[in-house]
Protein chains: 2
Amino acid sequence: MTSTYFTPGPAALYPTVTQHIIQALQDNIPSLSHRSNEFRSIYQDTFEGLKELLNLPDGFGIFFLGSATEIWERIIQNCVEEAAFHLVNGAFSRKFHEFSQLLRKKAYKQEVDFGKGFDVHNIDVHYKAELIAFTQNETSSGVSTSLETIYKIKDNNPGRLVVVDAVSAAPYPVFDFSKIDSMFFSVQKAFGLPAGLGVWIANEKCLAKAESIEAKGIGTGTYGRLTQLWKFFEKFETPATPNVLGIYLLGKVVRDMLAYGIDKIRQETDLKAIMLYDYLRESTIFDVFVQNPEHQSNTVIVADTLKPAKPILQALARKGFMVGGGYNKSLEQIRIANFPATSVEQMETLIEALQEIEDSYI
Amino acid sequence: MTSTYFTPGPAALYPTVTQHIIQALQDNIPSLSHRSNEFRSIYQDTFEGLKELLNLPDGFGIFFLGSATEIWERIIQNCVEEAAFHLVNGAFSRKFHEFSQLLRKKAYKQEVDFGKGFDVHNIDVHYKAELIAFTQNETSSGVSTSLETIYKIKDNNPGRLVVVDAVSAAPYPVFDFSKIDSMFFSVQKAFGLPAGLGVWIANEKCLAKAESIEAKGIGTGTYGRLTQLWKFFEKFETPATPNVLGIYLLGKVVRDMLAYGIDKIRQETDLKAIMLYDYLRESTIFDVFVQNPEHQSNTVIVADTLKPAKPILQALARKGFMVGGGYNKSLEQIRIANFPATSVEQMETLIEALQEIEDSYI
């Protein structure tokens, strides 16, 4: 039986990925030198596609690393001399904060309970922070932070770098890049690609910060130094051999998303989220975990299960639906990804399956 | 026209890779959670296959990172408290040494000219070094270091960690892991896989070193700390989302190499190297670059071209053969990979093509 993956990452492949992989194999993409014109064309094409998809202005570079986790490390090394400020509301934002500690920075944080979110009124940026780190979509709890909140914090802190972890969200949010200095994601979430590639977008203020840190003789890493990444980006190369196939596939999927229409993808994401939240709210065995509607993620939807989660996950698997287990093991939860790779029809069939399981408990 | 890739990396895919990718797509490998039993089975299978292929004893862990370049950084962070000693004889060993400097270690080195190699008599390990870094196969120059040399240096330095960069060599060399503490490689070279995965093999002495560095409050990184990698390895997981498809494909190709016979692969590698070196030595437009036979790599073979290299590379491409350009731009050279993915017959046809080009110059 073919399964449909509503897992929050690695997730369902975007429907065109298989054909692009087969084409890549025919065209020897995995054997291309990363110092060849062919590779530079692939990098440039992926860059230009992402620039259009995300409405990215000039002055931003796009860099390819191994994972969003690696990008956490590179951002702290390159954009923080002494102090960072992290908004923590789940497992991934907590790890991002922990990375600042491990990298021997002053790592300030503001923390709210699992399942809660941030608004302008409960964010108090530490006065020493050079950088403010948002996890726009907390994959562990299904809590998102509104873009308006991020922008207001930037308006109130024009001298600080605002960086946005958009893992399991991008390309769904319509970011205004005049209000953020860096955004990053990994491709195995909402872009529907095999894992093994992190995409870091950063502006010239981030580069200037890295340069000023290096000028003081403070280490910013090795091949992942932003000064190196930027220098190579200017000729559409990377300092180390990258995931060439991953960059190629990302470029192809970005073009497919543009052809389908990114506005349409966002509208369908909204529709699928409404359908699922509506079902969960009225269900007798599920409930919406994130209570504040303004904090409910539209791309990772977390449900409390009023019956044990494990047999529900098993029943869903038997019906051909793979969804994520709860991240917080002390809670009975399931996590359902709502990414562009799954259609409105597939969401309808998932909800029918959830309803059948609900009926079986009556 | 289908081209045959004799490039030193990214290189020709191992002949079975395409079918394994298609099977992986059918089996939803790219959508598997890296916290699932299915992923743990993939990690375990790849670990056990590599253990058999490389004759790896107990007490070694195998860890998956983004590239061999990343592993340079992780090794220096985790296995060097103050001082490292690097043997430098080309672009890649030079970068490895530079990483030690960038990571603020005392980075000692011994250097020989491009195209020259190391023997026991010209290695004088700095007395402060905690770690000795060999680049067993210098991909830039086609110089290899004999395993006997590495083992003797280890015998003379039992208290120091000996680490071996086996990029563009493994799995060809028959390493005695009682004489080395760590070995690493990237998969897009002699394993014939798409780039985007580095494999780090390290023993418990490396782990103990990392623990002692951390106990002193010195930073060893974040997700790539050896203590973390090892803790997750013990349950066949990774701290960050890895290149799941890459790990799966590596495991499959390792099994294919075992089925074909690793001894047979090594014998064919020797045969192909002899054929190519014999041709180059007698050619009127090529010459063997590495003069000392004991330092000639069998997996990356570098030839001086007595005519300009660029038109020769173009003529080869027109005949369907992709080989590497010289790494040192001040020299007229070509680099030819001799990896398991290319057969004896393919090497014969390459040599015929080289001969035809030679004839055209007469």
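At 1% relative accessibility, A:Val17 counts as buried. Buried means under 20% relative accessible area, exposed over 50%, and partly exposed in between (1.4 Å probe, protein chains only). A:Val17 belongs to helix 1 of chain A. Helices (H or I, at least four residues) and strands (E, at least two) are DSSP runs, numbered from the N terminus.

Which residues does A:Val17 touch, leaving out residues up to four places away in sequence? They are A:Gly192, A:Leu193, A:Pro194, A:Leu249 and A:Val253. Contact means heavy atoms within 4.5 Å. A:Thr2 is 15 residues from A:Val17 in sequence, and their C-alpha atoms are 16 Å apart in space.

## About the model

This is a predicted model: local features need pLDDT of at least 70, side-chain atom pairs count only at pLDDT 80 or more, and totals for chains, interfaces and linings use all residues. Residues are numbered from 1 along each chain as its sequence is written, chains are lettered from A and ligands numbered from 1 in the order in which they are written, and side-chain values use heavy atoms, with hydrogens and water left out.

## Two chains, one axis

## Where the chains meet

The contact involves 46 residues of chain A and 46 residues of chain B. The area buried between the chains is about 3600 Å², and carbon and sulfur atoms give 58% of it. Buried area is the accessible area (1.4 Å probe) that two parts lose on being put together, summed over both. In chain A, the residues that lose the most area to chain B are A:Pro10, A:Ser31 and A:Thr222, together 15% of what that side buries. Of the interface residues of chain A, 100% are also interface residues in chain B, so the copies meet through the same surface.

Ten residue pairs are in polar contact between chain A and chain B (both at pLDDT 80 or more). A polar contact is a pair of N or O atoms within 3.5 Å; within protein, one must be able to donate a hydrogen and the other to accept it, and residues adjacent in sequence count only if both atoms are side-chain atoms. On the side of chain A that touches chain B, helix 1 (17-26), helix 3 (68-79), helix 4 and helix 8 (244-260) each supply at least two residues. That side divides into 21 nonpolar, 18 polar and seven charged residues. Here Ala, Val, Leu, Ile, Met, Phe, Trp, Tyr, Cys and Pro count as nonpolar, Asp, Glu, Lys and Arg as charged, and the others, Gly among them, as polar.

## Salt bridges

How many salt bridges does the structure hold over all chains? There are 32. A salt bridge is a side-chain nitrogen of Lys or Arg within 4 Å of a carboxyl oxygen of Asp or Glu. Between chain A and chain B the count is two. A:Glu73 forms a salt bridge with B:Arg74, with the closest N and O atoms 2.9 Å apart. Both residues belong to a network of salt bridges that links A:Glu70, A:Glu73, A:Arg74, B:Glu70, B:Glu73 and B:Arg74.

Within chain A, the side chains of A:Glu130 and A:Lys209 meet in a salt bridge (3.0 Å, N to O). A:Glu130 lies in the loop between strand 4 and strand 5 (131-135), and A:Lys209 in helix 6 (residues 204-215), so the pair ties together parts that are 79 residues apart in sequence. Are these residues buried or exposed? Both A:Glu130 and A:Lys209 are buried.

## A loop residue at both chains

B:Asn243 sits in the loop between helix 7 (226-233) and helix 8 of chain B. B:Asn243 is buried, with a relative accessible area of 10%. Not counting residues up to four places away in sequence, B:Asn243 touches A:Ala195, A:Gly196, A:Asn243, B:Gly196 and B:Leu197.

The side chain of B:Asn243 reaches the backbone oxygen of B:Gly196 at 3.0 Å. A polar atom of that side chain also lies 2.7 Å from the backbone nitrogen of B:Gly246.
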